[in-house]
Amino acid sequence: MSTHPGHHVRHHHPQPPHMYHHYQHHHNPQLNNRTTGNGHSQAQHNSRDGRRRAGNGRSSVGSSGGAGHTSGNGRRPSNGLHTTFRRLNLDTSTRLRDLTGRIVELSADQHGSRMIQHCIELATPAEMHKVLEEIDEQIYQVMTDVFGNYVIQKLLQYGDGTVQHAIVHGMQGRVPALSMHNYGCRVIQEVLATVTSADLRNIVLHELESYNVSDLIMDQHANHVIQKCVTSLSTDNLGFVIFACERQASAMSRHLYGCRVIQRLIEQCTPEQLSAVYANVLGDCASLMKNAYGNYVIQHVLDHGEQTHRDAVMGCVAGNLLPLSQHKFASNVIEKFLRVARPDQIAELVAELCHSTLLPDGTTAAPLHIMMKDKYANYVIQTLMQFSPRQTQTALLDYIYANREVLRGYNYGKHIVAKAEALRSQN
């Protein structure tokens, strides 16, 4: 949620997303059970999202911190870890090798998982390999366990190339299934974020490419894996994602999960790489502006696209400023556009606002009068007053001042007139 001029609390909507790790539960389009969004995504959906990002997938189950006895290597186990030690009848000198024979069992327990993660931080690659040998055929079970997945993530983070190699080869043939799993997708994301070997990453990418990428993009969990691909890989390796979106970009922009991937692509790729994506989205611009998820894609186009893309949005706005400004979602796009539009485009829109016209109800009035009564459109006026070029701002402020007595009688008019008078006195 954002606060607009005059401390009016602006309407806020769920935001789609951004590219972050998968610990957030779904309650808006940009967050929702992810550990990676980029959202962004930050699901406002975007700049008004009020999003918060939980852990990044690199922390142990239950955060550690605080005072405690110093262990052999100078680390201080937290009070939480002391509780874990006591629950498992272990002491602070326990090492990974001391847990041999109990790894799978302990990985499935909240305290046991924390214990193993702590020990992994102190372990040698040889000890980590012993863990993987013990897990062996049960590695998929551990990867998809609510607590066990953290153990695999910790091995990826602290293990050397040979440990990472063993883990990636252990997931071969099951990458799409893991990607669509609530906890397994976290492990795949960690591979993409942590593994530096191109050969190992290509094993994962090959399985993703061989699956129906559109299904992964639209999946509740796998969309975070695709977002992680976009944010972690070179754009030269994203052809399979771009290809999957090119003909469906407009439909994906309307989708709770698909809109996140489109936004990540717009953030990371060049307009040349996304020419077909931009064309598909802007061809449906007027409709997407009014969509709960699509409006954030159009805002991303305005932020990251080229002037030709912004001009295409102007083509949808000009002549429709009043109804779009009154719309819950489209009004957000209008405000974004006013921040990036060319001076001549803003001047054209201000002229449209102040020109008397025949309204749908048969009356004649300047759209500005109607907008001052509207709970969404009044913010468009405030944004115009703030971001208009000097000459256009002066014309707008003069119009408001000349009609101040009438405008003060509208729902939001008194505040806007006061602000206009303050700005006018500064000019």
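These legends accompany close-up views of a predicted model.

**View 1**

**View 1. Helix H19 against helix H22.**
The two axes come within 12 Å and cross at roughly 10 degrees. H19 and H22 are therefore roughly parallel. H19 contributes Gln307, Asp311, Met314 and Val317 to the contact. H22 contributes Gln345, Glu348, Leu349 and Glu352. By type, the contact residues are three nonpolar, two polar and three charged.

**View 2. Helix H24 (residues 377-387) packed with helix H27 (residues 413-426).**
Their axes lie 11 Å apart, at an angle of about 5 degrees. That angle makes H24 roughly parallel to H27. From H24, Asn378, Ile381, Gln382 and Met385 take part. They meet His415, Ile416, Lys419, Ala420 and Leu423 of H27. The contact residues comprise five nonpolar, three polar and one charged.

**View 3. Buried residues of helix H13, residues 239-246.**
Phe240, Val241, Ile242, Ala244 and Cys245 are buried. Their cover includes helix H10 (198-210), helix H12 (222-232), helix H15 (258-268) and H16.

**View 4. Salt bridge between Asp284 and Arg254.**
Eleven salt bridges are found in the whole structure. In this one, the closest N and O atoms are 2.6 Å apart. Asp284 lies in the loop between H16 and H17, and Arg254 in the loop between H14 and H15, so the pair ties together parts 30 residues apart in sequence. Asp284 is partly exposed, at 21% relative accessible area. Arg254 is also partly exposed, with a value of 29%.

**View 5. Salt bridge between Asp398 and Arg424.**
The closest N and O atoms are 3.0 Å apart. Asp398 belongs to helix H25 (residues 390-402) and Arg424 to helix H27, so the bridge ties together parts 26 residues apart in sequence. Asp398 is partly exposed, at 33% relative accessibility. Arg424 is partly exposed, at 34%.

**View 6. A salt-bridge network that includes Arg404 and Glu405.**
Arg404 bridges to Glu405, with the closest N and O atoms 4.0 Å apart. Arg404 is partly exposed, at 23% relative accessible area, whereas Glu405 is exposed at 58%. Shared partners join Arg404, Glu405, Arg408 and Glu421 into one network.

Technical notes: Residues numbered from 1 in each chain as written. Predicted model: local features only at pLDDT ≥ 70, side-chain atom pairs only at ≥ 80, totals over all residues. Heavy atoms only, no water. Axes fitted to C-alpha atoms, helices over the stretch in contact; angles between N-to-C directions. Helix = DSSP H or I, 4+ residues; strand = E, 2+ residues; numbered from the N terminus. Parallel < 35°, antiparallel > 145°, perpendicular 65-115°, else oblique. Contact = heavy atoms within 4.5 Å. Nonpolar A, V, L, I, M, F, W, Y, C, P; charged D, E, K, R; others polar. Buried < 20%, exposed > 50% of the residue type's maximum accessible area, 1.4 Å probe, protein only. Salt bridge = Lys/Arg side-chain N within 4 Å of Asp/Glu carboxyl O.
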